[in-house]
Structures are given as structure tokens and as C-alpha cells.
Amino acid sequence: MKIAHLMIGNGWGGVQSFFRDCCIELADRGRAVLAVDTNETGLSEVMSSHSAPFKLAEVSNRFGSYDWSTVRQFRRILKQFDPDIVFSHGQRASLFADQVEPENHANDLWPFW
């Protein structure tokens with residue numbers, strides 16, 4: 001099963017900790033995991049130091065909740081990975097992920113606000 005986790009953050013807090021823990025736990029259990037985040041959190045450095053086999057991808061979010069280039073980036077990344085489930089962590093990631101129409105309509109979007 002392929003699972004994508006989306007987050008847009010600019011710091012470190014509870015959402016980022018849950019995002020990290022969820023990705024690591026699912027990867028440790030043998031799932032194909034893609035973690036997508038902005039480069040402002042420093043999460044890629046934290047996650048790349050872990051031995052779990054998951055993929056990391058970064059998006060830019062320069063204009064907050066109105067940055068449509070982030071939607072295009074999510075769409076491109078998700079099309080390449082073709083996940084079965086998409087978890088979006090936080091309000092902005094959920095708003096952007098809602099705009100991305102999955103290629104396979106059987107895919108599920110699970111927003112966490």
C-alpha cells in the first residue's frame with residue numbers, strides 16, 4: 001500500500017511531530033510512504049536521519065493559503081507516486097490537497113485539521 005503524507009509548515013510543533021512519527025511508523029511496518037513538506041520546517045533533516053525506507057519531497061509555499069503553485073507541486077508529486085491513500089496534516093495542506101484531483105478516483109484523501 002502506498003501512502004502519501006502532506007504537510008505545509010514553517011516551524012516545529014505538534015503537527016510536525018505527529019507527521020514525523022506517523023511516516024516513520026508506517027514505513028517501519030512495510031508501507032511505501034511519501035512525506036511531502038515545505039523546506040522551512042527542517043523536517044527533511046530530521047526524517048532523513050531515520051533508517052525507515054520512505055521517500056521525501058519538498059514543496060515551496062511562498063504565498064500562504066493562496067499559493068496555487070503549491071497545488072501544482074502537490075499534483076505533480078502525487079501523480080508520480082500514485083498513492084492509495086493521501087493524509088493531509090494541518091489546515092493549509094488539507095486546503096491544497098482538496099484541490100488535487102487524484103488520477104485514480106478510488107484513492108482516498110484523509111484530512112487531519
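Helices (H or I, at least four residues) and strands (E, at least two) are DSSP runs, numbered from the N terminus. This is a predicted model, in which local features need pLDDT of at least 70 and side-chain atom pairs count only at pLDDT 80 or more, while totals for chains, interfaces and linings use all residues. Residues are numbered from 1 along each chain as its sequence is written, and side-chain values use heavy atoms, with hydrogens and water left out.

The pLDDT, which is the predictor's confidence in each residue from 0 to 100, averages 77 over the protein chain, with 80% of the residues scoring at least 70. Confidence is highest in strand 1 (residues 2-7), at a mean of 89, and lowest in strand 5 (residues 108-112), at 55.

Thr 38 lies in strand 2 (residues 32-38), and because its relative accessibility is 2% it counts as buried (under 20% relative accessible area, with exposed over 50% and partly exposed in between, using a 1.4 Å probe and protein chains only). Apart from neighbours within four places in sequence, Thr 38 is in contact (heavy atoms within 4.5 Å) with Met 7, Ile 8, Gly 9, Val 59 and Asn 61.

Helix 1 (residues 14-28) places Gln 16, Phe 19, Cys 22, Cys 23, Ile 24, Leu 26 and Ala 27 among the buried residues, and just after this helix Gly 30 takes a positive phi of about 90 degrees. A search of the whole structure finds zero disulfides (pairs of cysteine sulfur atoms within 2.5 Å). Cys 22 is accordingly in no disulfide, the nearest cysteine sulfur being that of Cys 23, 6.2 Å away, which is too far for a bond. Cys 22 counts as buried because its relative accessibility is 18%, and Cys 23 because its value is 0%.
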